[in-house]
Amino acid sequence: MFERRLYHHIDWAMVIALAALCALGLVMIYSATGGPTRVFDTQMYGIAFGIVAFVVCLSIDYRSLADKSHFVYLGVLALLIYVLLFGAVRGGSRRWIDLGLFNLQPSEFSKAAIALVLAKFLGESRRGMLTRSDFLIGAALTAVPLFLIARQPDLGTAVTLVPVFLAVVFVAGIPLRVFGVLALAAVLAAPVAWKFALQDYQKERISTFLDPSQDAKGAGYQQIQAHITVGSG
C-alpha cells in the first residue's frame, strides 16, 4: 500500500522537471510531425505508461526490494535466457520479447537487478573492508547477465553493467588501489579485445566516435550535426 509518509518525501522539483521535459517532447514531436500523428500518439501512450509505473513504484517500499533481490536477479536471468532461445529478432539482434502490443527488452532490467543483488550481498557480508572473495563473487554475479546480453548481441548494454558493479563495490569499501589495477588491466587488454573480441561494426562505431569525419554522411553524421547545433547556440 502507498505510505503517506513517502508523499512528504517526494522530490517535487524533480517531478515538475520531468513533467516539463515530457511536455517539451510532445510539443517538439507535434511541431516536427505536423499534428497528432501516430508518433505523437505513441509518445502519449508512453507518458501514460510511465505515470502508471511511477505510481506503482511509489506504492512499493523500496527497502523490501533488497530482501527479494535474489528473486529479481533470477527472474531477469530467466528472461535473458528466454530471449536467447525464443526472442524476437530485430536488425540482426535477438534482444526482445514480443508481447503483441509492445516489445519487452529484459536487458534493461538487468542494471537494476545487478544493483539490488550486489547491494544485498555486499551489505550482508560487509566486515569493514571489502574482501577478495566478496569482490570475486560480486564480479561473477555481474558476469552472468553480462555474458547473456553480449550473446544477443548487445555489447553496448552489456558494458553498462560494469559501471554499476564498480559503483556498488566502491560504496561497499573496495580499496582504491584495486581500481588502479583494474584500470591497468583494461588498458593492457584493450588491444587484444580490439583484435579478437570486437566485430567490424563495433570497431567502426568506436573509430567514428573518435573521428566522425571518417564517415561524415553515414555513421558520423549525427555527431557532426550535434557539434554544429551546439556551436550555433
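Helices (H or I, at least four residues) and strands (E, at least two) are DSSP runs, numbered from the N terminus. The structure is a predicted model, in which local features need pLDDT of at least 70 and side-chain atom pairs count only at pLDDT 80 or more, while totals for chains, interfaces and linings use all residues. Residues are numbered from 1 along each chain as its sequence is written, and side-chain values use heavy atoms, with hydrogens and water left out.

**The chain as a whole**

- The chain holds 12 helices and 3 strands.
- Its C-alpha atoms fill a box of roughly 60 × 55 × 40 Å along the principal axes.
- Of its 233 residues, 24% count as buried, meaning under 20% relative accessible area, with exposed over 50% and partly exposed in between (1.4 Å probe, protein chains only).
- Among contacts (heavy atoms within 4.5 Å) with a separation of 6 or more, 55% join residues 24 or more positions apart.

- G34 follows α2 and has a positive phi, near 85 degrees.
- The 22 residues of α2 should span 32 Å at 1.5 Å a residue, and the end C-alpha atoms, 31 Å apart, agree with this; the expected span is 1.5 Å times one less than the number of residues.
- Helix α2 (residues 12-33) packs with helix α3 (residues 38-58) at an angle of about 165 degrees, their axes being 9 Å apart; axes are lines fitted to C-alpha atoms, for helices over the stretch in contact, and angles run from 0 to 180 degrees between N-to-C directions.
- That makes α2 roughly antiparallel to α3 (over 145 degrees; under 35 is roughly parallel, 65 to 115 roughly perpendicular and the rest oblique).
- In this contact, V15, C22, L26, I29, Y30 and T33 of α2 meet V39, F40, Q43, M44, I47 and F54 of α3.
- The residues of the α2 contact with α3 divide into 10 nonpolar, 2 polar and no charged (Ala, Val, Leu, Ile, Met, Phe, Trp, Tyr, Cys and Pro are nonpolar; Asp, Glu, Lys and Arg are charged; the others, Gly among them, are polar).

**Helices α7 and α9**

- Helix α7 (residues 132-150) and helix α9 (residues 161-172) pack at about 165 degrees, with axes 10 Å apart, and are therefore roughly antiparallel to each other.
- F135, G138, A139, T142, P145, L146 and I149 in α7 meet L161, V162 and F165 in α9.
- The residues of the α7 contact with α9 comprise 8 nonpolar, 2 polar and no charged.

**Residue T208**

- T208 lies in helix α11 (residues 200-210) and counts as buried at 4% relative accessibility.
- Not counting residues up to four places away in sequence, T208 touches Q214, A219, G220 and Q223.
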